[in-house]
Amino acid sequence: MSTVPAPVVGGVDGGRPASLPATAWRPLLAGHERRADSLTAGHRARRAAGARHAIDDFLYDYYGTRPAVLRRWHPGVGVRLEAGPDGPAPQHRWRWYATDADGSVRLDVDAFLTDRGDSVRFIHRLLTAIASRPAFTGCFGLHEWAMVYRQAEHRHPLPLRLGQRGTDAVVESHQIRCTHFDAYRFFTPEAVELNHLRPTRAGQVDLDQPGCLHASMDCHKWATKLGPAVPGALALDCFELAGEIRLLDMRASPYDFSSYGEPPVAIETPDGKAEYVARQREFAQRAGRLRARLIEVCSALLDGD
């Protein structure tokens, strides 16, 4: 979890933005950069060496995460950065920021909503809907199994723990109940019809639920899309949680990750199912807290919109 305190989202004193002197925001900025560098160090080293990582690369390839962008510290909506002896905060050169006559810098909410208003309203609607539902924890991570069902070629150059026939047998012996469209859309054609539901992009708000690992990982996605409105510590909390969830997602998958030093969560067994559900519930609770903070960000942006 975060070791860098985040400014409170939203204004104070009747709606006026919170104000941080340079002596307060500079340590926050420096601490954020150190934490971001630590979280992305492995990826940056592998990228420089031209190496790939079947677990971690997902956060960068699928979500389009850029370490340099993640490293940028934002105070969040409703927080004003006072100028220091050497002038305004560096954010004054960044998109969607405004500099006031006294040199203080703040998020220009009107400009941000002009460009991203539709996205903010959708994210608010989706996250609020997810937060209103109970967590379903009976999927056992079988979405990853459905992505390789009866397939000769697979996304990752790794062997299947149970081989193709054994993997197919696990899929066929379970009821597949995937609720998340961005997992379901990667099912093999043969697996699509086995899913109890038919998730669609249009129905995402109606179907996403807090027990889904991918819905929890997506807190990082939505924090990224909300960009400078999200306090830096919250953005890194979402990214860090997504990385932990991704590890469980792959350990519970049909792939053999022993070459990475990662033991399986064998969801085809009762013990493996119990382990998966316990971790799933833990992640759902943590994601729920982050989701609530992202909803607050959206509400602060849309207040009076």
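Colleague: Why is arginine 44 called partly exposed?

Modeller: In this predicted model, arginine 44 has a relative accessible area of 30%. Buried means under 20% and exposed means over 50%. A value of 30% falls in between, so arginine 44 is partly exposed. The residue is found in helix 1.

Colleague: What does arginine 44 touch, leaving out residues up to four places away in sequence?

Modeller: Arginine 44 touches Asp37 and Pro67. Contact here means heavy atoms within 4.5 Å.

Colleague: What makes the approach of arginine 44 to aspartate 37 a polar contact?

Modeller: The side chain of arginine 44 reaches the backbone oxygen of aspartate 37 at 2.8 Å. The limit for a pair of N or O atoms is 3.5 Å, so the pair at 2.8 Å is inside that limit.

Colleague: Arginine 44 sits in helix 1. How do you know that helix 1 is roughly parallel to helix 11?

Modeller: Helix 1 (residues 22-49) and helix 11 pack at an angle of about 15°, and their axes are 10 Å apart. Angles under 35 degrees count as roughly parallel, so helix 1 is roughly parallel to helix 11. The crossing of these two helices is left-handed.

Colleague: Which residues of helix 1 and helix 11 meet?

Modeller: From helix 1 come His32, Arg35, Ala36, Leu39 and Thr40, and from helix 11 come Gly232, Ala233, Leu236, Asp237, Phe239 and Glu240. By class, the residues of this contact divide into 5 nonpolar, 3 polar and 3 charged.

Colleague: Why is helix 11 called roughly antiparallel to helix 12?

Modeller: The axes of helix 11 (residues 232-251) and helix 12 (residues 270-302) cross at roughly 155° and come within 11 Å. Angles over 145 degrees count as roughly antiparallel, which makes helix 11 roughly antiparallel to helix 12. This crossing is left-handed.

Colleague: Which residues make the contact between helix 11 and helix 12?

Modeller: Helix 11 contributes residues including Leu234, Cys238, Leu241, Ile245 and Leu248, while those of helix 12 include Tyr276, Phe283, Ala287, Leu290, Leu294 and Val297. The contact of helix 11 with helix 12 has 11 nonpolar, 1 polar and 7 charged residues.

Colleague: How do you know that leucine 294 is buried?

Modeller: Leucine 294 has a relative accessible area of 0%. The cut-off for buried is under 20%, so leucine 294 is buried. Leucine 294 is placed in helix 12. Beyond residues up to four places away in sequence, leucine 294 touches Leu127, Cys219, Ala223, Leu226, Val230, Leu234 and Cys238.

Colleague: Why are helix 10 and helix 11 called roughly antiparallel?

Modeller: Helix 10 (residues 213-226) and helix 11 pack at an angle of about 150°, with axes 8 Å apart. The threshold is over 145 degrees, and helix 10 and helix 11 are therefore roughly antiparallel to each other. Helix 10 passes helix 11 in a left-handed crossing.

Colleague: Which residues make the contact between helix 10 and helix 11?

Modeller: Among them are Leu213, Met217, Cys219 and Ala223 of helix 10, with Ala235, Cys238, Phe239, Ala242 and Ile245 of helix 11. The classes are 10 nonpolar, 3 polar and 2 charged residues.

Colleague: What makes glutamine 204 count as buried?

Modeller: Its relative accessibility is 3%. Buried means under 20%, so glutamine 204 counts as buried. Glutamine 204 lies in helix 9 (residues 204-207). Apart from residues up to four places away in sequence, glutamine 204 touches Phe122, Leu126, His180 and Trp222.

Colleague: Why is threonine 137 called buried?

Modeller: Threonine 137 has a relative accessible area of 17%, and the limit is under 20%. Threonine 137 is therefore buried. The residue lies in the loop between helix 4 (109-131) and helix 5 (142-146). Not counting residues up to four places away in sequence, threonine 137 touches Val277, Gln280 and Arg281.

Colleague: What is the phi of phenylalanine 140, and where does phenylalanine 140 lie?

Modeller: Phi of phenylalanine 140 is near 55°, a positive value in a residue other than glycine. Most residues other than glycine have a negative phi. Phenylalanine 140 lies in the loop between helix 4 and helix 5. With a relative accessible area of 19%, phenylalanine 140 is buried, because buried means under 20%.

How values were computed: Residues numbered from 1 in each chain as written. Predicted model: local features only at pLDDT ≥ 70, side-chain atom pairs only at ≥ 80, totals over all residues. Heavy atoms only, no water. Axes fitted to C-alpha atoms, helices over the stretch in contact; angles between N-to-C directions. Helix = DSSP H or I, 4+ residues; strand = E, 2+ residues; numbered from the N terminus. Parallel < 35°, antiparallel > 145°, perpendicular 65-115°, else oblique. Left-handed = near helix turned anticlockwise from the far one by under 90°. Nonpolar A, V, L, I, M, F, W, Y, C, P; charged D, E, K, R; others polar. Buried < 20%, exposed > 50% of the residue type's maximum accessible area, 1.4 Å probe, protein only. Polar contact = N/O pair within 3.5 Å; in protein donor to acceptor, adjacent residues only side chain to side chain.
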